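Q: Hi! I'd like to talk through this model with you, starting with the charged pairs and then moving to the chain contact.
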Amino acid sequence: MGSEYLTNNIRKLRFEHGQMTQQDLADKVGVTRQTIIATESGRYAPSLPLAFKIAQTFGVPIEQVFQYNNENL
Amino acid sequence: MSILQKRAWINLAGAVGLIVTAGIFLEVSMYINAQVHILFLLLALPVGIVAGFACYIRSISAEKKLDEREKTISRKADYCAGITFALFLAIASFGIFFVSGAKSNVPVYLLPLLVLTGIFLAQLVESATILIWCAKEQQDG
């Protein structure tokens, strides 16, 4: 049985955008810092609107922020 | 700590407080061997209903402040609480049936007691699920 998982570059992008803190990002996308922590560590898969908001905050396409890996594909 | 976690801790502390208060009351009423418990119940029931309603209203307004992850956790916790409640009622009902037999009588107070115990258990499970889930997602944060 194959596995699927979502990886992301949020940490890297935060540091490329003037050392943005998790709290700053959370405030910009309208969630709590805990949600950013969980998303960044890959423990929470955000909804599409939230994923787009995060990408828009960094000014990059969504696929530069999130990568979907599925061994079955 | 998020609003959801605070709410869960408050619920958990409230549940523990309730057990301690009920235990103390039971102990005292048995010690003085009086009918005070009926008076206490008459006083406690409306207070409990008003307090429960106030908590419910407060939890609705708090729900609006939650973000999508917290709402998901809250839904999962509600689901676990619902299953706990249903399972408890089923096990307790069938337990009584098998233990006391099909044709025996059970005291009437046992039925509301079962429902109240079920609600109490569901509340405990809901709070515990929220705390465990939040801790699980925030590991290595």
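Q: Which side chain does A:Glu40 meet in a salt bridge with A:Arg11, and at what N to O distance do the two meet?
A: The side chains of A:Glu40 and A:Arg11 meet at 3.4 Å, N to O. A salt bridge here is a side-chain nitrogen of Lys or Arg within 4 Å of a carboxyl oxygen of Asp or Glu. Please keep in mind that this is a predicted model, where local features need pLDDT of at least 70, side-chain atom pairs count only at pLDDT 80 or more, and totals for chains, interfaces and linings use all residues. Residues are numbered from 1 along each chain as its sequence is written, chains are lettered from A and ligands numbered from 1 in the order written, and side-chain values use heavy atoms, leaving out hydrogens and water.

Q: Where do A:Glu40 and A:Arg11 sit in the chain?
A: A:Glu40 is in helix H3 of chain A and A:Arg11 is in helix H1 (residues 10–16), 29 residues apart. Helices are DSSP runs (H or I, at least four residues), as strands are (E, at least two), numbered from the N terminus.

Q: Is A:Glu40 buried or exposed?
A: A:Glu40 counts as buried, at 11% relative accessibility, while A:Arg11 counts as partly exposed at 48%. The cut-offs are under 20% relative accessible area for buried and over 50% for exposed, with partly exposed in between (1.4 Å probe, protein chains only).

Q: And what does A:Arg14 do with A:Glu40?
A: Their side chains meet in a salt bridge too, at 2.7 Å, N to O. A:Arg14 lies in helix H1 and A:Glu40 in helix H3, so this pair ties together parts 26 residues apart in sequence. Salt bridges with shared partners join A:Arg11, A:Arg14 and A:Glu40 into one network.

Q: How many salt bridges are there over all chains?
A: The count is three. One of them pairs A:Glu16 with A:Lys12 at 3.8 Å, N to O.

Q: Switching topic: how much area do chain A and chain B bury between them?
A: About 1100 Å², with 46% of it on carbon and sulfur atoms. Buried area is the accessible area (1.4 Å probe) that two parts lose on being put together, summed over both. On the chain A side, A:Gln34, A:Arg43 and A:Tyr44 lose the most, together 55% of what that side buries.

Q: How many residues does each chain bring to the contact?
A: Chain A brings 13 residues and chain B brings 14, where contact means heavy atoms within 4.5 Å.

Q: How many salt bridges are there between chain A and chain B?
A: The count between chain A and chain B is zero.
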